[in-house]
Structure formats: C-alpha cells, structure tokens
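Please look at the sequence and the structure first, then read on.

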Amino acid sequence: MKFGTKVIHAGVTPDPSTGAIMTPIYQTSTYVQAAPGDHQGFEYGRTQNPTRNALQENLAALEGARFGVCFASGMAATDTIMRLLEPGDEVIAASDLYGGTYRLFTKIFERYGLKFHFTDMTDPASIEPLISDKTKMIWIETPSNPMLNIIDIEAVGKIAKAHGVKMCVDNTFASPYLQQPMSLGADIVVHSATKYLNGHSDVIMGAVLCDDEEIHERLCFYQNAVGAVPGPMDCFLTLRGIKTLHLRIEQHCRNGAAIAHFLKDHTAVNQVYWPGFETHNNHAVAARQMRHFGGMVSFSLKKDTLADGVRVMSATKLFALAESLGGVESLIGHPATMTHASIPLEERLKTGVVDSLIRLSVGIEDADDLIADLAQALQH
Ligand SMILES: *Cc1c(COP(=O)(O)O)cnc(C)c1O
C-alpha cells in the first residue's frame, strides 16, 4: 500500500458488531468477562482500548514500523522511552531539542541517574568523541525548532549501529509523510501527534514506533504500569485527522515554500530559515531524506529588537499568536519571549534565536492571503 492509501485504511476495519465503517469511540473503562479471565482480549481501559489499537496500528504502518504505542502527550511518550534506560546510562542528544524534551531530560531524568551530553549534530562527527561504554541512546530531532537545522539521520544511525547504541528520532516536525526515520536506521521514532498527525489543534497526543519486539513489550508494560494513556475520543480524532495527512502536508509545504521566498525578498527581513533554500547549510541532506521541505519557516528582522519582533507578531491578522504548530491554521510565535524565554540570553543568541526571530507554522489557507497578511504586518 502507498502512503495515501495507508492513512485511510491501515489499522482500520469495519466494526465487527455493526459494520460501522468508522472505528467507534469505545468510551469505556472496563469490559465484561463471561467468567474470571474469560474475555475477548480487553480487560481494563488503561491496558487496552479498541479505538487506541486502531490508531496504534495505523501509525505503525505510516512510519514503516512493526509496532505503535500511543500516549496522553508527546512528553508522556518521551518519558516512557527514557524508562528503557538504567541509572548510570548516558544519552547523547542534539543541542537544539524541543524545550520540553530538554526540560524532561535535565530536570527530571538527571535526578534519576541518567547523564545527557548535548552536541550540535548537524555535523555528525561531533557525536563519536562523546560515546563511551555507558552510552545507550542517541536522541535526535530534525528539522529542529525554531532554527530548522537538519540532521543526517542515516549518518547518525550508522554511528549508533557501529557502537551498539539505540537511535531515537523525534519526527514531529516532518511527519511520516515527509520523512521515515525507521528506513534510515532509527530504532525508535517518537511523535507529538498533537501537531501534524492530528493536524486540527484539538488533541494532545503522543506516539512511539519501533520494530524490536522486546522494546515494544517493555513500552506496553510501562504504558499500562505508568498509565499516561490517551482517551478513546482523542484516539478517534487523531485517526480522523490522519486520513488527510498527505493532502494537508502537501499544502503546508507549498505554502511554506511560497512564504519563505516572499520573506527572503522582503526589505525588512534579515535572514530566513527554511531547509528548501540551496543556501541552507544542510539543504542536500534535507533534499535526500525528506519528500518536501515542510511548513515551518523562521525569520529575523533587520531591526533586531524584542519590540520589533513583538510589533510584527501583534500586527498579523490571519497568523494567530500562539504556541504549537502543525494545525490547518497558520500560527506565529516569538521564541525569545515564548518557547525559549527560560534560556539564558547568551545561550539563546549562540543558537541563533535572536531577539527579533519569528517562527511561523504555515497553515493550509490560501497562500496569497497569508502573504498579504505578512506584508501588512511587516509594513507597520
Ligand atoms: C510539541 C512537541 C513535543 C511535545 O509534545 P506534546 O504533545 O506537547 O506533549 C515534543 N517534540 C516536539 C518536536 C514537539 O514539537
């Protein structure tokens, strides 16, 4: 099956009791047993739910993985992966991770004896010197937030394999339509399904995909033991959102490209960050490992002050000022005062998050209207 068929059919079969073509929302906490232990494979809602099963199978198919496990949020998914490790184990992680992931690693898991090394993985050669026999996992995220840096998944995967280390890829920004890390050597793929997978800004959800049976069993054990499971209604909404993933992402990418080019030529704009430009330092890697270049675009202003950034963002009418990304509607954000506010100024500037940096999650509206909105906001 090709991608556009999988999004609609994988994991989804007509309901056996009624023939309902849509997977029902099995809104139940428990299941009646004929006699103790005599049940139909479902005992308790934390452990199993048919709506969740359908979503898990669907997501596994989209990522080309054998197994899928869903969680109440992307962070719950990441938390569960880290529980595969033991105190004393070390993780090498990309230096420009999603802020919540960085916080979980450094504020929670360091307290439980894990050690994290952060390095700029846009050059995979920075990884090997950090590997020791304690290294158990390499954690990457590409494209990255908000600078849209690109990491060569296949190159990092080769390093991981050579040292017997697991590679985990956060594929939230690309979605499985643009990039499939399992085929590039990933052992584990993680998603905030809150973003492009659901795509309609109405659910918080996470997912983990893998091929290894033992890892899958452990993840299911933790899913049940820890309990950060998604509700059946949210699983239904995410399954429904995924049916148009390929169409939405095509439009996100078309609009993203149009806006990146518009901004590049604008006199008030200093730099535009988008992996589709040939001048992007890892453009060739992006062209190799991604189908298109995505709907996320960041840019800085010639007048590089917090006030100028805030002024432009307050002036857009279609682009809504909000956290998050990947929904059908366009969003605008200011990393310096929003997602990256807790990072010390010097650190923030080092990674390119200057005062006027603006991040766009380009939606699927008409590109002309989005460009007109940015044009009037930049004029103020
Ligand atoms: C949003 C996000 C997360 C966290 O997911 P939640 O669903 O908000 O818990 C993790 N990684 C990336 C790249 C994200 O954008």
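## A loop, a ligand and a sheet

P143 is part of the loop that runs between β4 (135–141) and α5 (153–162). The structure is a predicted model, and the values below are computed from it.

The peptide bond that leads from T142 into P143 is cis, and its omega is near -5 degrees. P146 has its place in the loop between β4 and α5 as well. The bond from N145 to P146 is also cis, with omega near 0 degrees. L148 is another residue found in the loop between β4 and α5. L148 is not a glycine, yet its phi is positive, at about 55 degrees. For comparison, most residues other than glycine have a negative phi, and most peptide bonds are trans.

The ligand is the next topic. Which residues lie closest to it? Of the 13 residues that surround the ligand, the closest are G74, D170, S192, T194 and K195. Sorted by class, this shell consists of five nonpolar, five polar and three charged residues.

| Residue | Atom of the residue | Atom of the ligand | Distance |
|---|---|---|---|
| G74 | backbone N or O atom | oxygen atom | 2.9 Å |
| T194 | polar side-chain atom | oxygen atom | 2.7 Å |
| K195 | polar side-chain atom | oxygen atom | 2.8 Å |

How much of the ligand does the protein bury? Taken alone, the ligand exposes 380 Å², and the protein buries 93% of that. The space that the ligand takes is the second largest pocket.

The last topic is a sheet. Five strands form this open sheet, and their order is β8-β9-β12-β11-β10. The pairing in the sheet is mixed. Which strands are at the edges? The edge strands are β8 (269–273) and β10 (320–321), and each of them pairs on one side only. Strand β9 covers residues 296–301, and β8 and β9 pair in the antiparallel sense over three bridges. Across this pair, Y273 stands opposite S298 in β9.

In short, the loop between β4 and α5 holds P143, P146 and L148.

Definitions and conventions. Residues are numbered from 1 along each chain as its sequence is written. This is a predicted model: local features need pLDDT of at least 70, side-chain atom pairs count only at pLDDT 80 or more; totals for chains, interfaces and linings use all residues. Side-chain values use heavy atoms; hydrogens and water are left out. Two strands pair if DSSP finds at least two bridges between them. Helices (H or I, at least four residues) and strands (E, at least two) are DSSP runs, numbered from the N terminus. A residue is near a molecule or strand if one of its heavy atoms lies within 4 Å of it. A polar contact is a pair of N or O atoms within 3.5 Å; within protein, one must be able to donate a hydrogen and the other to accept it, and residues adjacent in sequence count only if both atoms are side-chain atoms. Accessible areas come from the Shrake-Rupley method with a 1.4 Å probe; for residues, only the protein chains shown count as cover. On a 1 Å grid over the protein atoms alone, a cavity is a set of points where a 1.4 Å probe fits but cannot get out, and a pocket is an open set with protein on both sides within 12 Å along at least five of seven lines; lining residues have an atom within 4 Å of a point. A molecule sits in a cavity or pocket if more than half of its atoms lie within 2 Å of its grid points. Ala, Val, Leu, Ile, Met, Phe, Trp, Tyr, Cys and Pro count as nonpolar, Asp, Glu, Lys and Arg as charged, and the others, Gly among them, as polar.
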